[in-house]
Amino acid sequence: MKKYIYLFTIIVFLFSCSPVQKILNSGSIMETSFTAQIPFTFDYKLPIVKTIINGKTYNFLFDSGAPTVITPALAKQLKLKALIKRKNSDSQGNSSKEEVVIIPNMKIGNLNYENTGAFVIDFKKIFELNCIGFDGIIGANQMAKSIWQIDYQNKILTTTNSISNLNIPLGTETIDFKPYGAQKTPKIEVKIGGKSSSVTFDTGAISDFNFNFNNFKSEISTFKTTEYFGNGGVGVYGTGKKISSYFVKIPSLSIGNLVLENQIVAFNNGTSEIIGNTFFKNYTVILNWQENKIYMIKEVELKSSKLEGFGISIKYINQKPTISAIYKSSAAANSGLLLNDEIIKIDELDTSNLTVAEACYYSFNNPLKEKDNAKITVIRDGKKIIFDLKKELILD
C-alpha cells in the first residue's frame, strides 16, 4: 500500500461526567426488531449519511470517535434548550465549553430515534469541516443503541438489533473494545512488541494509524523512521500545535486478534491515539456494543506500505495553500522550503487567488498527488521563489 502524506483527523474526545453521561445515554429507537440499510457517501473519505429531523433532511457524519453533535444553527432551528454546559476537548487538545441538548425525534433510514442526547458545537468555524458541509454527527452514544455494519466497498451502513441478522464469514477477525466515558467511544488495545496502548476506533478520522510516540518509544527505536515537523491534524476546535513527529515502519503490530505486518505508522505526542478510515476501508466493519466487539471482514489484502510524496503537507489558510509540514529527510527540506511558505503556483495551476470552493476541493484532492514532478512557486517576504520538486520514496 502506498501512503501519501496527509494529516487530518476529526474527533471529539470527552471527559467522563455523570450529568453528561445521563443525557448522552438517554433516548431509544422506537423499533424493537429491525434490520435497516442506509447508504452513505464517502467523497471526503468520511462516511456521511442522510438524517431526517422534523421532515427536513440533513447531512450527518457517522463518527464513532465523537458523541452525537448538532450545529448551533440546527439547534436554533429546532428550538432546543441547553440542559447543561460542559468543557470538551478535541483530537488536537484544543477545548471549549459547549451546550448539551436533547433532540426529540430524528430518523436515520427507516429507524426513529427519540430523545437523543447531543452536544451543540460550531465545527463549521473550521475551514476543512465547513468544506464537508455536514450539519451534525451521529456519535457513539447513539450508535450504541444498535449493531452497525459499515460496508466501505458498497457504501452501505446496516444497523440491526441482533448480530444474527448479519452474515459474518468464518475466519473473521474480532477485536474487543471498551466503551469510553459518557459517549461510549470504542477503545481498543494496540500492541507493538511488549508495549500496548488504548486507541480510539474512529470512523471520523481521515487517517490509518496515529499513535503516541512516548507509549512505544522503546519498542520502535530500531525501526526505519522518518521525522517531520509542522502543524498537527485538525479537530473540531482547530489545528493542532506545531509538532515534531515520526513515520515508522513497523514489522508487526497487533490490534486485538488482528496482526498486521510491515505497516507505516505515524507517531506524535500530545494528540489522541486513533485508527481511522484509511485502514477501515480495507474491511467491512461491524461495531457491536452488545458484546463490546468489533468484527473485521477483510475485503482488500493489506500489503506492505510505503511512504512517498514531495516531502511536504499543505494546509489552506484563508483559501491560500500553505506549507504546513516538511519531512526532514526529504529533498523539499534540503531545497529550502519553509513552514508557512504560501504557494501561489503549482506548475500551471494558479493558486494565488482561489475561491472557497476551489480551496475546499484541493484540501481533499491534493493537486500534487498524481504528479511525479512539480514546479512550486511560493511567496516569501514579498519575493517569489521557485522550487523544482520530485516525488520520492520517503520510507519503505
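Student: What is the mean pLDDT of the protein chain?
Tutor: pLDDT is the predictor's confidence in each residue, from 0 to 100. Where pLDDT is low, the predicted coordinates should not be read in detail. Here the mean for the protein chain is 89, and 89% of its residues reach 70 or more.

Student: Where does pLDDT stay under 50?
Tutor: Residues 4-8 stay under 50, and the model gives them 26 contacts beyond four places in sequence (contact: heavy atoms within 4.5 Å). Residues 10-15 are also below 50, with 43 contacts beyond near neighbours in sequence.

Student: How many helices and strands does the protein chain have?
Tutor: Helices (H or I, at least four residues) and strands (E, at least two) are DSSP runs, numbered from the N terminus. The protein chain has eight helices and 36 strands. Take contacts between residues at least 6 apart in sequence: 68% join residues at least 24 apart.

Student: What share of the residues counts as buried?
Tutor: Buried means under 20% relative accessible area, exposed over 50%, and partly exposed in between (1.4 Å probe, protein chains only). Of the 396 residues of the protein chain, 54% count as buried. The chain's accessible surface comes to about 17000 Å², and 46% of that belongs to carbon and sulfur atoms. Accessible areas come from the Shrake-Rupley method with a 1.4 Å probe; for residues, only the protein chains shown count as cover.

Student: Is F310 buried or exposed?
Tutor: F310 is buried, because its relative accessible area is 5%. F310 is found in the loop between β29 (306-309) and β30 (312-317). Leaving out residues up to four places away in sequence, F310 touches A332, L368, K371, D372, N373, A374, L389, K390 and K391. Its C-alpha is 9.7 Å from that of A333, 23 residues away in sequence.

Student: How does V259 count, buried or partly exposed?
Tutor: V259 counts as partly exposed, because its relative accessibility is 47%. V259 lies in strand β25 (residues 258-268). Beyond four places in sequence, V259 touches S252, L253 and S254. V259 and E173 are 86 residues apart along the chain, with their C-alpha atoms separated by 9.5 Å.

Student: What phi does K155 have?
Tutor: Most residues other than glycine have a negative phi. K155 has a positive phi of about 55° although it is not a glycine. K155 is found in the loop between β13 (147-151) and β14 (156-160). K155 is partly exposed, at 35% relative accessible area.

Student: Where is N292, and what is its phi?
Tutor: N292 sits in the loop between β27 (283-288) and β28 (293-298). N292 is not a glycine, yet its phi is positive, about 55°. N292 is partly exposed, with a relative accessible area of 26%.

Student: How many cavities does a search of the whole structure find?
Tutor: Rolling a probe the size of a water molecule over the atoms shows where empty space is left. On a 1 Å grid over the protein atoms alone, a cavity is a set of points where a 1.4 Å probe fits but cannot get out; a pocket is an open set with protein on both sides within 12 Å along at least five of seven lines; lining residues have an atom within 4 Å of a point. Grid points are joined across faces, edges and corners, and a volume is the space filled by probe spheres set on the points. The search finds two cavities of 30 Å³ or more.

Student: Which residues line the largest cavity?
Tutor: L24, S26, G27, S28, Y113, T116, G117, N141, Q142 and K145 line the largest cavity, which holds about 40 Å³ of space. Its largest share of lining, three residues, comes from β11.

Student: Which residues line the second largest cavity?
Tutor: They are F42, K45, I206, N277, T278 and K281. The space in the second largest cavity is about 30 Å³.

Student: How many residues line the second largest pocket?
Tutor: The second largest pocket has 14 lining residues, and D176, F177, K187, I188 and E189 lie nearest its centre. β15 (173-176), β16 (178-180), β17 (185-192) and β18 (195-201) are the elements that give two or more residues to this lining. The pocket holds about 240 Å³ of space.

Conventions:
Residues are numbered from 1 along each chain as its sequence is written. This is a predicted model: local features need pLDDT of at least 70, side-chain atom pairs count only at pLDDT 80 or more; totals for chains, interfaces and linings use all residues. Side-chain values use heavy atoms; hydrogens and water are left out.
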